[in-house]
Structures are given as structure tokens and as C-alpha cells.
Amino acid sequence: MYFPPLLQAQKRPVLPRLDHSRPKRYDTLMPRILVIGGGIIGVASAYFLGKAGFEVHLLEREITLGALTTAASLQAVRAQFADPVNIAFMKESLSFYETFAQQLDLPDHDIGFHQQGYLFVTTDEAIAARQRDRVAFQHAHGLEDVEYLEGEALHRRFPYLAGEALAATFRQRDGWISAHEALLGFRQAARRHNVRFHLQTEALSLIVRGGRVVGVRTPAGDWEADAVVLAAGPFTAQLARTADVELPLQPVRRHRVVIGEHDAIPHWAPMTIDEDTGAHWRPEGPGAALAWAEPEAPSPPQRHVSPDPNFTFRVMEGVYRLCPFWLEVAETLKRDNVFLHAGQYTVSPDHNPLIGPVPDRPGLWVISGFSGHGVMAAPASARLLADLLAGRVPEDDNPYAVDRPGLEAAEGEKMVL
Ligand SMILES: Cc1cc2nc3c(=O)[nH]c(=O)nc-3n(C[C@H](O)[C@H](O)[C@H](O)COP(=O)(O)OP(=O)(O)OC[C@H]3O[C@@H](n4cnc5c(N)ncnc54)[C@H](O)[C@@H]3O)c2cc1C
């Protein structure tokens, strides 16, 4: 196994004695890291940390991995962002997903990457003008393959759009994956780096000694660690509070509707977003998946999020505006062909994640707050976390630092769904 020189030289810090008689300490000189949470972010992090040479244990409360927010996701991935940092970051993630099997040396592992594109459509002159400027900006920042389309050219290419559609931006290499298959791939590759996954193991609280986080309390005993990484999705802020840390993260409910097989849906279509309202849909096998981030107040973190049954009608009306075939789908829809789910975005003030050490709480790290972009951001975020922990990226070069300027001022990403 390759160990970066920095890690080879590193000595284990002297830690206070803890009762960890049940989970045994392994005979290693590598720093031990506990990752809390087995969603796509925690599992991808465990992989990159294991690959970097750390001794990694992932604790997941549920009986299986990926059952919370990751399971509720629309699984869509795109590099079309407005902030240059996010453009670069998502480009890295999408390149990783494009070559997932090779990256992880898992021949034949298929994450179902459908590169059918992302289409942001508008009926509004002012938004069309902004789209044109945005595409020029994206081209100037390394995303040369975004197209600006209008009028005839737009309707010829995407004939299912309503006549009112004025302009759009399109990038073919965006699309969607199976987040579940990606998570399983990361898990398999992580195991090769001796990462250990502990299911049905809830982190009850963080253990703080002398101002430092030194471990985690679980129902089965205390776990000692050199660093604890919070990747607990909507539960991240709640766990941080057990170490007297306030993270600016809030869970907000979001819905997803999946429609089973229906002939009226163009299955070749890209993810299609009404940029005037935010309502969006994409093909899903012989059917489709729909979502719409309606304004909703933050709520406490939940293991089971109850959906609003009326969301299905609202979102279908929402996507119908620019894609009239949805009227036919709605009129012929059978009840047993509609699947409504809800999960919680973990939202930060600027809609960008928090990745890195928590200020004034040595030993505590966080990777959360993806604000609806965690599936697409997972590879690059987890790589960044591992690089920071291994000292391969200086903290000053971390654009997603927990104490970054502008975070609270919400001067963040504009292309949020
Ligand atoms: C409706 C909807 C649609 C979305 N669509 C997209 C999309 O198209 N593209 C995209 O990129 N993102 C999308 N997202 C966002 C994406 O799903 C999340 O950003 C991503 O799944 C976050 O992953 P995570 O691992 O951080 O969190 P989670 O998947 O929530 O994982 C956290 C894990 O931590 C565990 N945990 C919590 N507390 C504890 C504890 N105390 N001890 C042990 N384990 C604990 C949980 O059980 C869970 O397994 C969507 C989200 C929703 C809700």
C-alpha cells in the first residue's frame, strides 16, 4: 500500500485513556479516523481516507448504508454551475464518475451514468440574457461544452418543449447516475484499503477532553480516534452540538416523485429544468423522476421524512408549463404508478458544503451541507477531505473551509435547485 511521506513520518498523538474495550484498537501507527455516517459522502470519504493510508472506521446507525438522504436523491449530476470554484469541483466529480470503474479498479462496475444532459429552459427575456452571459462566463472558466440555444434551434433539438420556451443552456455530459451503485463501488474499493464498516452503530455524542475531540460514544462503548469526521447528513449539526460546536447547517425537506412506465415521456430527453420556477424532471428508465424545491422552513433532522401527498399534483403542474406532454401523463396516470418520497437537504447559508477541520475544536472534521448537491459533489469533496487530513492541500487553499469568508453573508452559488 502507498503511504504518503507525511503520514509515514507522523507519530500518533498522545491521547487520553478511554474505555474502548469493545471496539479494539488495531495495531497500527497510522492515525485512526472515525467517519460518522454511511451515506454517499461518508462512504466516499472513507474510501479516499483509506486510500491515503489512514486507519478508517465508518459508523452507520442504520442496518444498511445509504438509506437516508442519498436514497431520496434524484441522483442527477452536472457541471453547469455559476461559481468558478463549483464548476471546477463538479468537473472533477463528473470526470471521476465517467471513469468510475477504472478509478476504483472495479472492472464491470456500472454506476448507470446516463449522460443525456441538463437543459435549463426559460420563457423570460431577462433570464435568457443572463443565460447568455452565464454561458460565456462558464466558457471562460473551463466549461467550454455548454451551449446556449434559442428560438428554432432550441425547438428543433427539443421538440417536446412548449412554444413559449425562449432560450436554454445545455450540456450533454451532465446527466444522472445510480447513487446506490456509486456508494457500493466506493464501499468495495474502501474495503480493499482496510476500511471497516460498522452498521447499526450510532454515534450518540462526541467525546471532548481538554478542548479536543478524542472519540465518539456509542451504545456499544467509546471509540477513540485521532480525528472524527462528521458525515451524518441532516444529523451533522446535532452531533456537532454534543461538542458545543454550532455549525451553520439546517435540514430542509425536499420531495421527489417517480412515475413508472409511460409512453408519453420522451426517454431520450435530458434533465429539463424550468429556470423561471425551478420545477424539473428527467427520464428514469421507462418513466420519469420529478422534483421542485419549494420554499419550506427548516425542520429538525429526521430518520423518516413524511412527504406531503399533494406535492405530486403541484410538481406535475409545475413541469407541465414548459413540457405539455405532462398533461397527458397526468390525465392517464394510475395511482400505483406514482412513487412519492421525501428527504432533507442539509443546507448551508451559501449553498456550498462545509469541508475540513472545525475551528477551535481540534480533532473534529466535517463534510456536510451539500444543499442538494451531495451526490454530484461526492468524489471531489471526499478527495479534498482526504487531502486536507493528509496535509496534501493546505487549509488556506480550501474553498469550502468551515470558517470561510462570505459563508454567513450567503454570497454563494446561484444555480441551486
Ligand atoms: C429529494 C432530494 C433530491 C435530491 N437530488 C439530488 C440530485 O439530483 N443530485 C445531487 O447531487 N444531490 C441531490 N440531493 C442531495 C443529496 O441526496 C445529498 O446531498 C446527499 O445524499 C448527502 O449525502 P450524505 O452522505 O451527506 O447524507 P445522508 O445520505 O443523509 O447520509 C448520512 C448518514 O449518516 C447516518 N447517521 C446520521 N446520524 C448518525 C449517527 N448519530 N450515528 C451514525 N450514523 C448516523 C444516517 O443514517 C445516514 O446514513 C437530493 C436530496 C433530496 C432530499
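Asn 398 counts as buried because its relative accessibility is 8%, where buried means under 20% relative accessible area, exposed over 50% and partly exposed in between (1.4 Å probe, protein chains only). The structure is a predicted model, in which local features need pLDDT of at least 70, side-chain atom pairs count only at pLDDT 80 or more, and totals for chains, interfaces and linings use all residues. Residues are numbered from 1 along each chain as its sequence is written, and side-chain values use heavy atoms, with hydrogens and water left out.

Asn 398 is placed in the segment after helix H12 (374–389); helices (H or I, at least four residues) and strands (E, at least two) are DSSP runs, numbered from the N terminus. The side chain of Asn 398 makes a polar contact with the backbone oxygen of Ile 355 at 2.7 Å and another with the backbone nitrogen of Tyr 400 at 2.9 Å. A polar contact is a pair of N or O atoms within 3.5 Å; within protein, one must be able to donate a hydrogen and the other to accept it, and residues adjacent in sequence count only if both atoms are side-chain atoms. Residues up to four places away in sequence aside, Asn 398 is in contact (heavy atoms within 4.5 Å) with Ile 355, Gly 356, Leu 384 and Leu 388.

With neighbours within four places in sequence left aside, the contacts of Ile 355 include Phe 89, Phe 370, Leu 384, Leu 388 and Asn 398. Ile 355 is also among the residues with the most contacts inside the largest nonpolar core, which has 78 residues. Such a core is a set of buried Ala, Val, Leu, Ile, Met, Phe, Trp, Tyr and Cys residues joined through side-chain atoms within 4.5 Å. H12 gives the most to this core, with 11 residues. The core lies between domain 1 (1–6 + 30–115 + 173–248 + 348–417) and domain 2 (116–172 + 250–346), because both give residues to it; the domain bounds come from an automatic or database domain assignment.

H12 also belongs to the ligand site: together with helix H2 (40–51), helix H3 (69–72), strand S13 (250–259) and strand S17 (338–347), each supplies at least two residues of the shell around the ligand. A polar backbone atom of Ile 41 lies 3.1 Å from an oxygen atom of the ligand, and a polar side-chain atom of Ser 73 is 3.5 Å from a ligand nitrogen atom.
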